[in-house]
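This note is for a colleague who has not seen the model before. Please read the points below alongside the sequence and the coordinates.

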Amino acid sequence: MKKVLIVIYGIIAYLIFLVAFLYAIGFVGNLFVPKSIDTGEEISLVPAVLINLGLLSLFALQHSIMARPAFKKWFTKIIDPAMERSTYILLSSLILLFMYWKWQPMTTIVWDTENIVSLIVMAIFFLGWTIVFLSTFMISHFELFGLTQIYQNFKNQSLTYPEFQVNWFYKLVRHPLMLGFIIAFWAAPTMTYGRLLFAVVTTAYMLIAVKYLEEKDLRNLLGKDYENYQKRVPMIFPFTKFKKG
């Protein structure tokens, strides 16, 4: 019965993630969704900036703390290890949904494009999200979002982790997921103060977190294999000379 409940929990977490991920496309791009980054009742600038920075900081703290090996080691003493990734995904998704809800629009325009330029920028926007989506399958989509773990637990198998491999986008950059997000966040046909704040803060967070947290964890986990990978392949931006994070 416990294993069935873990399966249900993991599936629910994954479905909530899908909702949060798909909503993110509409939220950032001001497309299709009832509440986007530039919609809603606007308040004065300073309170809006402070609220939005608080929302972004909440996501960054949860995302960084729960991803660390030390936290995972402690956390899996409290919950079943098969639930750890699903719980991480669930909390990340719920914080994202909360951020969409409470985000304060800041609609002063920084730049605005028209006609063919607008279409090109929007195509780049969708290219970024496509890179994000495809990158998850180039490693292990179902392990990344907790489904592999709950399946292995249900089948009484030991929890396993994907072998280190370098393929497709990962031959160009070590973190194509982050590259995709950066492209999507900055490719704005109309850039407002709100979207600019979102793009600047999330980009800064990704660069800092990857360089000083995730890369360190990967070196500790994979050793020389990852160190050699760092020497060969840029961290986030392809064809850059600076490689090692």
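1. A residue is called buried at under 20% relative accessible area, exposed at over 50%, and partly exposed in between, using a 1.4 Å probe and protein chains only. At 72% relative accessibility, Phe-239 therefore counts as exposed. Phe-239 lies in the segment after helix 10 (224–232), and its phi is near 65 degrees, a positive value in a residue other than glycine.

2. The model is predicted: local features need pLDDT of at least 70 and side-chain atom pairs pLDDT 80 or more, while totals for chains, interfaces and linings use all residues. Numbering starts from 1 along each chain as its sequence is written, and side-chain values use heavy atoms, without hydrogens and water.

3. Phe-32 also has a positive phi, about 70 degrees, although it is not a glycine. Phe-32 sits in the loop between helix 1 and helix 2 (45–67) and is exposed, with a relative accessible area of 82%.

4. The protein chain contains 10 helices and two strands. Helices (H or I, at least four residues) and strands (E, at least two) are DSSP runs, numbered from the N terminus. The order of elements from the N terminus is α-α-α-α-β-α-α-α-α-β-α-α.

5. The C-alpha trace spans about 55 × 45 × 30 Å along its principal axes. Of the 245 residues, 45% count as buried.

6. Helix 5 (residues 115–139) has 25 residues and reaches 37 Å from first to last C-alpha, close to the 36 Å expected at 1.5 Å a residue; that expected span is 1.5 Å times one less than the number of residues. Its buried residues include Phe-125, Trp-129 and Met-138. The buried residues of helix 5 pack against helix 1, helix 6 (141–144), helix 8 (176–186) and helix 9 (193–222), where contact means heavy atoms within 4.5 Å.

7. Of the contacts in the protein chain with a separation of 6 or more, 78% are between residues 24 or more positions apart.

8. Phe-154 is in helix 7 (residues 147–154) and is partly exposed, with a relative accessible area of 40%.
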